[in-house]
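Student: Can we go through this one together? I'd like to start with one residue and then zoom out.

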Amino acid sequence: MKVIRISAMWCMSCLLMRPRWDKVFSNKNFEIIDYDYDLDHDQIVKYEVGKIIPVLIFLDENDNEIKRIIGEKKEKELEIIIGEINEKNII
Amino acid sequence: MIYLDYSATTPVDEKVIEKFICVTKKYIGNPNSSHLLGREAKEVIDDVTLYLAKELNVKTSEIIYTSGASESNNLAIKGYCNANKHIGKHIITSEFEHSSVIAPISYLQKNGFIVDFIKLDPNGEVDLNHFKSILKEDTILVSLSSINGELGTKTNLKEIKSILKDYPNAKIHVDMTQSLGKEKLDLSYADMAAFSAQKGYGFKGIGLLYKKDNVNIEPIIHGGRSTTNLRSGTPALGLIASLQPTFEVSNENLETKIEYVKSLNEKIRTNLKNYSKVHINSPEDAVAHILNISIKGSDGPSIAKAFEKYEVYFSPQSACAQGTSPSRSVMALYNDIDLATSSFRISLSYLTTMEEIEEFLNIFKKVYQEVAL
């Protein structure tokens, strides 16, 4: 199970979200891949990221997208969303 | 054409252009060269530095020339934090800073620094109690702008500096980009401060960093020794020389100019009270040059586009922010997503005429019909 994290250096929401991401994913078994919105264009173009960042994209074992979280979320909200993915036995 | 985006950039004053041309033609030497032509060029820089030091009430050794505020902010933030990470790795900033402040702080965050954010009180000022509560023993940097570029609110730097007396490891970096030409420059509360000439009727591509002598930073551009060992590269002689007339133009008759801009601001505020869907987001005590306005039910980029049809130019948000997102500053002040989404910033200058404002208000009536009804 992978999670793609897309953020940009100049983005305030990304600055706010990075520590929350680190916290919620610290005790979870995800392969985490970080991409820069500006510098990793070739790698992220296939994900069709819009103008709002940061973006979290959850992928299953076949790299199919199963969930996308756009913009700022509270730590608790992130935990709930990840919990829902767990409940569906996707992980 | 009506230009109302002076906080994004200003037209270059004729005296600034003349100085640039004159110095560029007359002094062909590299200021770093040891021969006569180099020494003559270096003397020009020394004279400008002396003038700026006097104007800013600082030492000549405390002025570092840069390519603009983005470089100044990067040098201050990354240069200071990297040189002092053995003391601490905690940074405090606000959620309302320019991308040239956010990006170096993001870079440091990715390299192990912890970042906390100051909250604003209901008047848009720094919540000092909250500020005290997030200060730590290992806080090494507080980075704030002197004027919020979107709303025009002023930061209470005096109180912040006073609180920091109990935290000797914490230095204060001030992004003073919006201060030039809008208020009397006061560096007494800053350990480091960034300026850009283009906000004060000077050229794009030149700015400076004020850094107190006792503040230790490391360079971000490495090379030979130049006017300072903290910023390598052949000094941009003509551009540096142009800083003197830039600061002269920005600061001469400042109080009179501010009073004049206040009259323009007041004219707009009074007129826009007639529109039920209009909300003035900039508080009354914000600098008069920046006026943040919402037309509820619309969105900032659409409003700016509608005005552009009439050759009126301004920014939906600060020119360097992402176009379509709600204004974080407006959201923080009013907690109203409609206001935050429908906001735009007009910015005024002593060059703005009352006739232009009257024409803007006439056009506003038409645009309001298009976007709000």
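**One residue, then the chains**

Tutor: Setting aside neighbours within four places in sequence, B:I114 is in contact with B:K89 and B:H90. In contact means that the C-beta atoms, placed from the backbone, lie within 7 Å. This is a predicted model: local features need pLDDT of at least 70, side-chain atom pairs count only at pLDDT 80 or more, and totals for chains, interfaces and linings use all residues. Residues are numbered from 1 along each chain as its sequence is written, and chains are lettered from A and ligands numbered from 1 in the order in which they are written.

Student: Which strand is B:I114 in?

Tutor: B:I114 lies in strand β4 of chain B, residues 114-118. Strands (E, at least two residues) and helices (H or I, at least four) are DSSP runs, numbered from the N terminus.

Student: Why does B:I114 count as partly exposed?

Tutor: Because B:I114 has 15 C-beta neighbours inside 10 Å. Buried needs 20 or more other C-beta atoms within 10 Å of the residue's own, exposed means 12 or fewer, and partly exposed is in between; C-beta atoms are placed from the backbone.

Student: How far apart are B:I114 and B:I92?

Tutor: They are 22 residues apart in sequence and 8.6 Å apart in space, C-alpha to C-alpha.

Student: OK, new topic. How many helices and strands are there in chain B?

Tutor: Chain B has 12 helices and 12 strands. Of its 373 residues, 50% count as buried.

Student: And helix α12 of chain B, how many residues has it?

Tutor: It has 19 residues, 354-372. From first C-alpha to last it reaches 25 Å, close to the 27 Å expected at 1.5 Å a residue. That expected span is 1.5 Å times one less than the number of residues.

Student: Which residues of α12(B) are buried?

Tutor: B:I357, B:F360, B:F364, B:V367 and B:Y368. An α-helix has 3.6 residues a turn, so residues three or four places apart point the same way.

Student: What covers those buried residues of α12(B)?

Tutor: The cover includes β1 (2-3), α8 (254-272), β10 (290-295), α9 (300-308) and β11 (312-313) of chain B.

Student: Now chain A. What pattern does it follow along the sequence?

Tutor: Chain A reads β-α-β-α-β-β-α. That comes to three helices and four strands.

Student: How much of chain A is buried?

Tutor: Buried residues make up 24% of its 91 residues. Along its principal axes, the C-alpha trace of chain A spans about 35 × 30 × 20 Å.

Note on methods: Contact = placed C-beta atoms within 7 Å.
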